[in-house]
Amino acid sequence: MGSLMLVWTLSAAVILMPVFLDGAISIHFKTGQLLNVALGQTLVLEAVFEKGPDDKIDMVTWDRESKGVNVRLSGTQGGRISLEKGDALLRITNVSEEDFGVYKVTVTDSNGYQQYDTIEVRKIEKPARVLAKRVLECVLEKHDMMQWDTPQFSWMIDGITVTNETTLIANGSRLDISEVKGVNYTCVIKSSLGTVMTHYEIPKESESQVGCCKGLIAVIVAVAVAAVVIVIGNLGRQKMQKQKKE
């Protein structure tokens with residue numbers, strides 16, 4: 001009876017062994033599960049393979065499913081598609097409508113087990129906006145950086161302390177002035193070495209612009225007045241000539 005139980009135990013272990021071996025190689029995309037790409041641009045999908053020292057990859061395949069149609073991709077198709085880094089990276093140049101869909105990369109190991117991951121590629125209608133930031137930075141000199149505590153940064157704009165955290169960057173050492181109006185900017189650094197204040201002055205660009213606009217407005221007004229005077233003068237002459245004829 002004991003021998004029979006041993007045989008059953010060994011048999012069960014052999015049967016269940018592939019379940020434990022399956023999935024030894026893991027796979028995932030660097031960019032997550034969704035990627036937006038514009039028409040005409042280059043699509044780059046890179047998968048990361050994680051495996052043990054004894055695991056061997058026999059084959060890597062790429063598929064794209066779009067509108068219910070599945071297409072097997074290879075680096076020999078049309079010249080726009082290339083596979084790099086041991087087939088872990090898929091590159092498609094000059095992206096067209098047919099390139100949008102769900103991409104699937106599958107890894108087959110030497111034991112015949114497979115793992116896969118998918119990513120959806122969507123068409124982006126509008127390009128990303130780039131917001132230019134104007135940033136003031138407060139930097140400690142090298143010989144002032146050796147201290148026991150961490151410096152505390154604060155900013156004042158025209159003498160008023162900044163409390164809006166969205167304009168403070170890098171623990172307050174930098175100030176985003178893209179949407180902040182002011183002329184005099186002061187950085188205050190407090191540490192075990194004492195308090196240090198640094199002043200920045202940014203002239204108002206609006207003054208010259210306002211002067212230019214005022215000059216332009218004056219010219220427009222002068223031209224308008226001259227035109228009115230000319231019209232009134234012509235009407236007056238026409239009236240006088242009419243009265244003489246009568």
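Over how many bridges do strand 8 and strand 9 pair, and in which sense, parallel or antiparallel?

## Strand 8 and its partners

In this predicted model, strand 8 and strand 9 (residues 114-123) pair over 8 bridges, and the sense of the pairing is antiparallel. Within this pairing, V105 has D117 of strand 9 as its bridge partner. The two strands, strand 8 and strand 9, form a hairpin with 4 residues between them, and in the turn G112 has a positive phi of about 90°.

Strand 8 is also joined to strand 4 (residues 57-66), again by 8 bridges and with the strands running antiparallel; here R64 stands opposite Y103 of strand 8. Because 7 of the 9 residues of strand 8 (residues 101-109) are buried, this strand is largely enclosed by the rest of the structure.

Elsewhere in the description comes an open sheet formed by 3 strands in the order 10-14-13, with antiparallel pairing. Strand 10 (135-137) and strand 13 (168-169) are its edge strands, each of which pairs on one side only. Strand 13 pairs with strand 14 (residues 174-176) over 2 bridges in the antiparallel sense, and L168 has L175 in strand 14 as its bridge partner.

## The chain as a whole

The chain contains 2 helices and 16 strands, and of its 246 residues 23% are buried. Among the contacts in the chain with a separation of 6 or more, 58% are between residues 24 or more positions apart. The accessible surface of the chain comes to about 18000 Å², and carbon and sulfur atoms account for 58% of that surface.

Terms used:
Residues are numbered from 1 along each chain as its sequence is written. This is a predicted model: local features need pLDDT of at least 70, side-chain atom pairs count only at pLDDT 80 or more; totals for chains, interfaces and linings use all residues. Side-chain values use heavy atoms; hydrogens and water are left out. Two strands pair if DSSP finds at least two bridges between them. Buried means under 20% relative accessible area, exposed over 50%, partly exposed in between (1.4 Å probe, protein chains only). Contact means heavy atoms within 4.5 Å. Accessible areas come from the Shrake-Rupley method with a 1.4 Å probe; for residues, only the protein chains shown count as cover.
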